[in-house]
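Here is a short briefing on one protein model. Look at the sequence and the 3D view, then work through the points below.

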Amino acid sequence: MAKLGLPVPPGFTISTKVCEDFYKNNKKLPKKIFQQVKKEIKIIEKISKKKFGDLSNPLLVSVRSGSKVSMPGMMDTILNLGLNDKTVIALKNKTSNGRFAKDSYRRLIQMYSNVVLGIESHFFEELIENYKLTKGVIQDTELEEDDWDGLINNFKEVVKEKTRKNFPQDVNEQLHGAISAVFLSWNSKRAKAYRRINSIPDHWGTAVNIQTMVFGNMGDDCATGVAFTRNPSTGKKEVFGEYLINAQGEDVVAGTRTPKNLISMKKSMLKIFQQLKKIFNLLENKYKDMQDIEFTVENNQLWMLQTR
């Protein structure tokens, strides 16, 4: 997509070859990978004018899987990586949006703890639900900055209790943990079962995509969505998808809020809707097939996250 000139957040890919080496190397990342990752992060820092772990303008990244063929929902993703007790303050000051910064941090703790540290998600979900009950609110979006502060502390207590260690504050440690976890998710029970059913060879392995974070949860000029370039039931050429205003990627599929039909974006974000339609055509022409797309809108700017 980047080569087609589409708006893709800057990033880099660790190839499937490294996945193979990872499993040969007793599930440890090869040493030279750390140096190469450092170099690549420096390039992203240059492009984005942000710095990884910086205390005034921090770069945050997402760590996603990328297998040779589509394995939707089978492997793990971590968002907002690079946040810690200090960079979250920098993000708050930079965006003048404390609620957004704290919400992003609690999401990182929740995802990282689940994917990398192996703590089941329900421990965190229950804390959020209880908090909402106490406050008498229904949606996560109704929680304020102070509420997320309290939950961040509760989340960190869960991590300490379950792992006997503190949530990692070193951003490089976070990154290395996330890369390893995505490689490990290639051999999760569900991924193995999916490959067996779909005759996908085990030796292929997965790549890891590390990408600059863009945020759909910074306010009402932000959104996140999923779309097909045509109707998946009939194959008819029409806009088909869902989106949520002021949300992050997993919110659309998590079922915590009801997404809107993409057609209604004509009213809420007409320019973005028109841009998306053009991109749908471009991608279909390029790949000669219907596409399944994920996108984010940050402060009225469209970003394409993936197509398959």
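Arg-106, Gln-110 and Ser-113 in helix H4 meet Phe-124, Glu-125 and Ile-128 in helix H5. Contact here means heavy atoms within 4.5 Å. This is a predicted model: local features need pLDDT of at least 70, side-chain atom pairs count only at pLDDT 80 or more, and totals for chains, interfaces and linings use all residues. Residues are numbered from 1 along each chain as its sequence is written, and side-chain values use heavy atoms, with hydrogens and water left out. Helices (H or I, at least four residues) and strands (E, at least two) are DSSP runs, numbered from the N terminus.

**Helix packing**
- H4 packs against H5 (residues 122–135) at an angle of about 150 degrees, and their axes are 9 Å apart.
- That angle makes H4 roughly antiparallel to H5 (angles over 145 degrees count as roughly antiparallel).
- Axes are lines fitted to C-alpha atoms, for helices over the stretch in contact, and angles run from 0 to 180 degrees between N-to-C directions.

**Helix H3**
- Which residues of H3 (residues 87–95) are buried? They are Thr-87, Val-88, Ala-90 and Leu-91 (buried means under 20% relative accessible area, with a 1.4 Å probe and protein chains only).
- These residues cover an arc of only 155 degrees around the axis, which puts them on the same side of H3. The arc is that of the directions from the helix axis to the C-beta atoms.
- Their cover includes strand S3 (58–59) and H4 (98–115).
- Ser-96 follows H3 and has a positive phi, near 50 degrees.

**Nonpolar cores**
- The largest nonpolar core has 54 residues; Ile-14, Leu-81, Leu-175, Ile-179, Phe-183 and Ile-210 touch the most other members.
- Such a core is a set of buried Ala, Val, Leu, Ile, Met, Phe, Trp, Tyr and Cys residues joined through side-chain atoms within 4.5 Å.
- H4 gives the largest share of this core, eight residues.
- A second, separate core of 21 residues includes Ile-279, Phe-280, Leu-302 and Met-304.

**The sheet**
- Five strands form an open sheet in the order S9-S8-S7-S10-S11, with antiparallel pairing (two strands pair if DSSP finds at least two bridges between them).
- S9 and S11 (301–307) stand at the edges with a single partner strand each, so one side of each has no neighbour in the sheet.
- Six bridges join S7 (residues 223–228) to S8 (residues 240–245).
- Tyr-243 in S8 is the bridge partner of Gly-225, and Tyr-243 also stands opposite Lys-260 in S9.
- Helix H11 (residues 270–287) lies across S7, S10 (292–298) and S11, at about 30 degrees to S11.

Terms used:
Buried means under 20% relative accessible area, exposed over 50%, partly exposed in between (1.4 Å probe, protein chains only). Angles under 35 degrees count as roughly parallel, over 145 as roughly antiparallel, 65 to 115 as roughly perpendicular and the rest as oblique.
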